[in-house]
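Subject: Structure handover

Hello,

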Amino acid sequence: MVTEAAGGVGSVATALLARLGYSVTAVTGRPKTHNYLSKLGATDFVDLAELSEQGKPLQPERWGGAVDVAGGHTLANVLAQTCYGGAVAACGLAEGPSLPGTVMPHILRSVALLGVDSVMAPKPKRKAAWDLLNEKLDRDLLSTMYTVHGFDELPDLAEKLMANQIQGRVVVTV
Ligand SMILES: NC(=O)c1ccc[n+]([C@@H]2O[C@H](COP(=O)([O-])OP(=O)(O)OC[C@H]3O[C@@H](n4cnc5c(N)ncnc54)[C@H](OP(=O)(O)O)[C@@H]3O)[C@@H](O)[C@H]2O)c1
């Protein structure tokens, strides 16, 4: 599963995982993005509201693995719903930097929490990531994930970003 799937990180994660053969469940707070996410390869959807409140430390097992860009209660609930032996990549803090969960998923279900940082990642890892993108990321899909805007549009874009009205990535021509 991929949380905040309609954002920049979530869109790429959804498309890549689908291409790699996984059944992708997309978590989003915006139902109007379902059609976009279906085209990227998502086959199921979960409303963000189902995950963003405090939940039980262990919940029914639902996910083989997850890419999370939310943090906060959403990440804690994703961990609590991950199947025995699964892994969750923590990439972001769109909801918040806290991790209000317990060790239960880790010590009772062997669930792994994997840290992801793209800024200081060493060159071999970067090369492996770019090779994977080059090989597996569909260029036609990629072109649906971004829009191009002029520098003078930045104030308007910033307001839209904060109001969660932007889908995928924005490329600014400086
Ligand atoms: N670890 C790394 O190396 C790395 C690299 C890049 C980014 N990041 C982090 O990953 C996160 C996402 O980055 P991004 O570039 O994908 O951002 P983005 O394009 O702005 O997307 C963020 C998504 O988060 C959801 N969202 C927005 N406001 C929210 C809120 N108040 N509570 C919960 N969810 C909210 C929305 O998803 P829906 O509309 O689908 O609900 C939105 O599309 C950020 O925290 C960023 O700092 C980390």
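**Ligand site**

Of the 23 residues around the ligand, E4, R30, C91, V116 and S118 come nearest (a residue is near when one of its heavy atoms lies within 4 Å of the molecule).

Before the details, some ground rules. This is a predicted model, where local features need pLDDT of at least 70, side-chain atom pairs count only at pLDDT 80 or more, and totals for chains, interfaces and linings use all residues. Residues are numbered from 1 along each chain as its sequence is written, and side-chain values use heavy atoms, with hydrogens and water left out.

Now the polar contacts (pairs of N or O atoms within 3.5 Å; within protein, one must be able to donate a hydrogen and the other to accept it, and residues adjacent in sequence count only if both atoms are side-chain atoms). An N or O atom in the side chain of E4 sits 2.6 Å from a nitrogen atom of the ligand. G7 uses a backbone N or O atom, 3.3 Å from a ligand oxygen. Taken alone, the ligand exposes 930 Å², and the protein buries 71% of that (Shrake-Rupley areas, 1.4 Å probe; for residues, only the protein chains shown count as cover).

T28 lies in strand β1, residues 24-28 (helices, H or I with at least four residues, and strands, E with at least two, are DSSP runs numbered from the N terminus). T28 counts as buried because its relative accessible area is 5% (buried is under 20%, exposed over 50%, partly exposed in between, with a 1.4 Å probe and protein chains only). Leaving out residues up to four places away in sequence, T28 touches A6, T33, H34, L37, V46, D47 and L48 (contact means heavy atoms within 4.5 Å).

T33 sits in the loop between β1 and α2 (34-40). T33 is buried too, at 1% relative accessibility. Its side chain reaches the backbone oxygen of R30 at 2.7 Å. Beyond its neighbours within four places in sequence, T33 is in contact with A6, T28 and Q167.

**Helices α3 and α4**

How many residues of helix α3 (72-81) are buried? The count is 9 of 10. Their cover includes β3 (63-68), β4 (82-90), α4 and β5 (112-115).

M104 belongs to α4, residues 104-109. M104 is partly exposed, at 32% relative accessibility. With V103, I107 and L108, M104 forms a nonpolar surface patch of about 370 Å² accessible area together (patch residues have over 30% relative accessible area and no salt bridge; like charges are joined within 9 Å, nonpolar side chains, Val, Leu, Ile, Met, Phe, Trp or Tyr, within 5 Å).

**Salt bridges**

The count comes to 4 salt bridges (a side-chain nitrogen of Lys or Arg within 4 Å of a carboxyl oxygen of Asp or Glu). Among them is R109 with E61, at 3.9 Å, N to O. This pair links distant parts of the chain: R109 is in α4, E61 in the loop between β2 (42-47) and β3, 48 residues apart. R109 is buried at 13% relative accessibility, whereas E61 is partly exposed at 43%.

K127 and D131 meet at 2.8 Å. Both lie in helix α5 (residues 123-136), 4 residues apart, about one turn of the helix. K160 and D156 meet at 3.5 Å. Both lie in helix α7, again 4 residues apart.

Best regards
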